[in-house]
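Hello,

Here is the structure I promised to pass on. Please have a look, then read my notes below.

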Amino acid sequence: MTTRLYTHPIYLEHLTPAGHPERPDRLRAVERVLADEAFDALDRQQSPEGDEATILYAHPADYVEMVRSRIPAEGIARIDSDTSASPKSWQAAVTAIGAANAAVDDVFAGTADNVFVASRPPGHHAEKSTAMGFCLFNNAAIAARHAQRKHGVERVAIVDWDVHHGNGTQDIFWDDPSVLYCSTHQMPLYPGTGAKDETGAGNIVNAPLAAGTDGDVFRDAFLTRILPAIDDFQPDLIIISAGFDAHHRDPLAEINLVEDDFDWATAELLGKADRWSNGRLVSLLEGGYDLQGLAFSVGAHVRRLMKG
């Protein structure tokens with residue numbers, strides 16, 4: 001297996017207020033764990049700069065210009081109550097999009113079997129016209145549209161195991177049966193969406209989890225809801241919104257997963273990619289706010305990507 005890693009120093013320059021959970025140290029923790037010799041075989045690449053025009057695949061032009069206008073010349077500006085921007089945030093966000101789209105290109109060109117993108121800011125809370133939940137643009141949604149527009153893909157499955165529901169991804173694809181969106185998440189919890197009866201055009205599969213849920217219940221949600229939905233959909237590409245804040249150490253939620261649970265879920269999705277997508281799988285970092293829990297979980301996830 002060839003697993004490619006995309007990251008870039010610009011992601012560290014997206015700054016947030018002191019004490020904010022979505023901070024540059026998250027990416028430093030990921031970089032440290034992936035520096036271990038166990039990951040020597042990773043195909044490490046610097047994220048390419050993104051094509052700003054691809055943002056329009058998921059967001060209207062007036063929203064894109066609003067975000068651009070809120071980037072401060074200095075200091076930190078709030079876009080909403082918990083979403084901030086600093087002078088390099090635009091470049092960081094566009095580079096995250098560039099990496100996500102390049103990852104899609106790689107798996108279709110066969111230059112990598114799968115790809116992990118270690119970037120920030122995250123994206124799955126960004127709705128069509130709303131920045132929220134630490135997110136400016138929806139990287140997974142843009143990458144899915146990129147696959148359809150550039151590679152002629154008919155069906156893309158996005159699987160989101162971040163502990164917070166990806167309301168943005170759901171919003172963007174709500175009435176689009178060409179994209180399957182599947183999510184496990186704690187409920188009730190921010191942002192308040194993700195009930196089982198939110199089904200869109202039959203392409204939305206939510207598997208909410210109660211506070212205190214452990215790995216057995218998480219795995220059951222995959223086995224009974226997420227994986228059968230993928231089999232029914234038969235995607236040409238699988239994208240993971242890979243948040244690791246369902247780890248038991250995370251301060252922002254109350255789900256009790258361990259690294260082995262992320263390893264297991266990764267293996268299951270690799271199996272579905274092998275069955276339906278010619279192995280094509282792209283993983284994009286979302287949340288995860290305890291540095292140790294994040295690092296260990298990313299390590300387990302990437303080790304499994306490398307093993308296949």
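**Strand 1 and its partners**

Strand 1 and strand 2 (residues 43–46) run parallel and are joined by 4 bridges. Strands pair here if DSSP finds at least two bridges between them. Helices (H or I, at least four residues) and strands (E, at least two) are DSSP runs, numbered from the N terminus.

This is a predicted model: local features need pLDDT of at least 70, side-chain atom pairs count only at pLDDT 80 or more, and totals for chains, interfaces and linings use all residues. Residues are numbered from 1 along each chain as its sequence is written, and side-chain values use heavy atoms, with hydrogens and water left out.

Strand 1 also runs parallel to strand 5, again with 4 bridges. Tyrosine 6 has a bridge partner in each: glutamine 45 in strand 2 and valine 117 in strand 5. Strand 1, helix 1 (residues 24–34) and strand 2 form a β-α-β unit that is right-handed. Right-handed means that, with the strands pointing away from the viewer, the path from the first strand over the helix to the second runs clockwise.

Strand 1 (residues 3–7) is largely enclosed by the rest of the structure, because 5 of its 5 residues are buried. Buried means under 20% relative accessible area, exposed over 50%, partly exposed in between (1.4 Å probe, protein chains only). Thr3, Leu5 and Thr7 cover one side, Arg4 and Tyr6 the other.

**Threonine 169**

Threonine 169 sits in helix 5 (residues 167–173). Its relative accessibility is 0%, so it counts as buried. Its side chain makes a polar contact of 3.2 Å with that of asparagine 138. A polar contact is a pair of N or O atoms within 3.5 Å; within protein, one must be able to donate a hydrogen and the other to accept it, and residues adjacent in sequence count only if both atoms are side-chain atoms. Beyond four places in sequence, threonine 169 contacts (heavy atoms within 4.5 Å) His124, Ala126, Asn138, Ile158 and Tyr181.

**Backbone points to check**

Most residues other than glycine have a negative phi, and most peptide bonds are trans. Phenylalanine 134 has a positive phi of about 75°. It lies in the loop between strand 5 (114–117) and helix 4 (139–151), and is buried at 13%. Glutamine 234 also has a positive phi, about 55°. Glutamine 234 is partly exposed, at 35% relative accessibility.

Two peptide bonds are cis: methionine 187 to proline 188, and tyrosine 190 to proline 191. Proline 188 and proline 191 lie in the loop between strand 7 and strand 8.

Best wishes
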